[in-house]
Amino acid sequence: MPRATPLGARLSLLLALPVAACSAPEAQTAPKSVTLLNVSYDPTRELYQDVNAAFTTYWKSKTGQTVTVQQSHGGSGKQARAVIDGLPADVVTLALAYDIDAIADRGVIAKDWQKRLPNNSAPYTSTIVLLVRKGNPKKIKDWDDLIRPGVSVITPNPKTSGGARWNYLAAWGYALRRWGGDEAKAREFVGKLFHNVPVLDSGARGSTTTFVERGIGDVLIAWENEAILAAKELGQDKFEIVLPSVSILAEPPVAVVDKVVNKHGTRAVAQAYLQFLYSDQGQEISAKHFYRPRNPTVAAKYAAQFPKINLFTIDEVFGGWRKAQATHFGDGGVFDQIYQPGKA
Amino acid sequence: MTMLAVGGGLAGPVRPALAQQDSTAPSVEEQIRKLDQQVRILKRQHELEQDSLAAAAKDRPKVTADKDGFWVRSGDGNFALHVGGYIQADSRTFLDDTEERLTNSFLLRRVRPLFEGTVFKYFDFRILPDWGGGTAVLQDGYVVAKARPYLKLQAGKFKGPVGLERLQSATDILFIERAFPSAIAPNRDLGFELTGDVADTLVHYDIGIFDGVVDGASLDTDLGDNKDFEGRLYLTPFKRSPVTLLKGLSIGVAGTVGNEHGTQAAPGLPSYRSPGQNSFFSYRSDSIAIAAVADGRRWRISPQAYWHVGPVGLLGEWIRSSQEVSRGATTATIGAKAWQAAGSFTLTGESASYRGVSPRKPVTAKGYGAVELVGRYSELEVDDAAFPTFANPARAARKAKEWAVGLNWYPERRIKIAVNYGQTGFEGGAAGGADRADEKALLTRFQVAF
């Protein structure tokens, strides 16, 4: 290599210029329009349709900027993997914290994501209930009835669906309470339950389709919001909701995807979008779509819609999501051991 | 009431025997319900399986063989391999060669298999050997790390970012042989380069450091420590303009600067060939007297432009090179300049393009392909300072001027049958200071590229 010369120095500067120019800070003036991608879990289609319309109006009036929110829906686990593999989500609104943790573990989301928004970044909650056919012909009253011979149960695949994992843990938690904390009994109970499952959809919405539209099964284990939606809107007078004696408090979390918003320059609007879910308007929309709002005032307004159920948390019974995921849903975990399709 | 014949006579009315009813057996309605459920379950399982297969198909590697060549791509696009190449079978016929100085021949001008692809999404590679003329040469062998579209690092052996026609693929050039500017612009060289496209390819830049090659040459091994800096800025400023006449205009400038110090064994000085590939200029390399050698600063500058609108294409470039030269105790700064203006017109109406013509109705679609008419004028002139100390005026011409016309037929994209006629006149290059005889070259080519 030649020694540095004035010419060499000038050429080195010329070399640096394109790099410096291209890595300059974001423009100080925001663009007139911006697009966000919200990667969500399966049953939130209707919710975010209304949330997006409301946020677009709110943001335009506040900033003058036009924002378009595109949606992607699917089983929560599958969606998380898609984001890890490069799906350019500006925000994720998934079914459970573990799926967002999985993304954070790959450095795509900051590790402290859950602390960045109130209530551990879960703007609304839900729980798991049972949806049966009108008249409840199989007399389903509680979790016990799901393991009776001749009862066909519809629930999605816990390997891909966040809702399915909540379903599974709700059943397991019930069994622990029923049999005084006996893990073996709980395992036997959940094994019998999945023996009664004829079809495993990849996501919660798929299971709703199987039960409601394809007419398969006697009981659907479902998100509360899915069950209410099915009972009120998808099949009027065709279904009933059965509240089990105990269920799990489901806290679907949301997060800004740091790597993507840094690249797109959309951090401000993405943060505002998630904060909008906590606003009065956002909480009202959640309640209208049968998600339990965090805001006490809105919750009180919609109290009649959400009956009281005896709920336990994943931390109380399972020690948190990481432990539950590793024990039950990881490769070779309990679910893989108890569910073997084609075997009795 | 059923009447039965029993024992030859009619019996009285018979009550049908009633089956014993098992109270635990499922009712007919229940059995039907169960069967209905089983059918629904089977249909739903089939539906989910189809969805799963469709999703899996997206992740499966894809193998394609079509007009874009032979490709294998992973489902996520992070890995890709293109196997391609081209063969050019030529003929050269020199007319009015009464002294038989030039050889009429058939030849395999280029036989180049191509292996290029992407690994791990951000890294490209290209390997292009050449077996034309019965020799084995590595033309391209390089890797690219793609941080962003505007920032890529390229390393290995590849064309220096200088000559506009030189940078065109050999399959896409208008004529069978390149014009004089490509005799001065560096060919393949070894080095590192930063390259990229900015503002949606409105701006393209290359800047790099190379071993440094003599005019028109390729290099595999550097014999000295000195390196060349090479750079190019190429703009298509009106790409998004609503004015059609301006959209196809690209302009640029390229240059090189470095030092070259040759030896008696490897002088580091160029020689120049005519479009018919016959040498018409070289520096003195007498085996008895001292040969001229490169001895110091070398630089080049080349403004260039390409414009196309509809079936019309125009290519223009000018290049100037300069090299400090010594022969014994005598030194000088000697250079050469060359330029060309070339035009194309697609008789069948396809758009002209720097990257070759795509027939609108290829023969496989029951058409006739594309036909392109081409013409050019080109000159190369060596500085007077070269003569007589550094170059023998009785053997080295100081100027060459060429005009050429041609017809290209593209039955398919990148399949080409071409006929060119070019006439090159010289100033000097013959005994007694006379002009070297004109070269009248009739060239043909049959090219298959894939």
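Trainee: How much of chain A counts as buried?
Mentor: This is a predicted model, and in it 56% of the 344 residues of chain A count as buried.

Trainee: OK, how many helices and strands does chain A have?
Mentor: There are 16 helices and twelve strands in chain A.

Trainee: In what order do the four strands of the open sheet run?
Mentor: In chain A the order is β2-β1-β3-β10, and the pairing is mixed. β2 (66-73) and β10 (254-256) of chain A each have a single partner strand, so one side of each lacks a neighbour in the sheet. From one strand to the next, the twist averages 20 degrees.

Trainee: In what sense do β3 and β10 of chain A pair?
Mentor: Antiparallel, over three bridges, with β3(A) covering residues 91-93. A:Val91 sits opposite A:Val256 of β10(A).

Trainee: Which strands does helix α3 of chain A touch?
Mentor: Helix α3(A), residues 76-84, packs on the sheet and touches β1 (33-40), β2 and β3 of chain A. The direction of α3(A) makes about 135 degrees with that of β1(A).

Trainee: And α11, what does that one touch?
Mentor: Helix α11 (residues 267-276) of chain A also packs on the sheet, touching β1, β2, β3 and β10 of chain A. Its direction makes about 165 degrees with that of β10(A).

Technical notes: Residues numbered from 1 in each chain as written. Chains lettered and ligands numbered in written order. Predicted model: local features only at pLDDT ≥ 70, side-chain atom pairs only at ≥ 80, totals over all residues. Heavy atoms only, no water. Pairing = 2+ DSSP bridges. Helix = DSSP H or I, 4+ residues; strand = E, 2+ residues; numbered from the N terminus. Axes fitted to C-alpha atoms, helices over the stretch in contact; angles between N-to-C directions. Contact = heavy atoms within 4.5 Å. Buried < 20%, exposed > 50% of the residue type's maximum accessible area, 1.4 Å probe, protein only.
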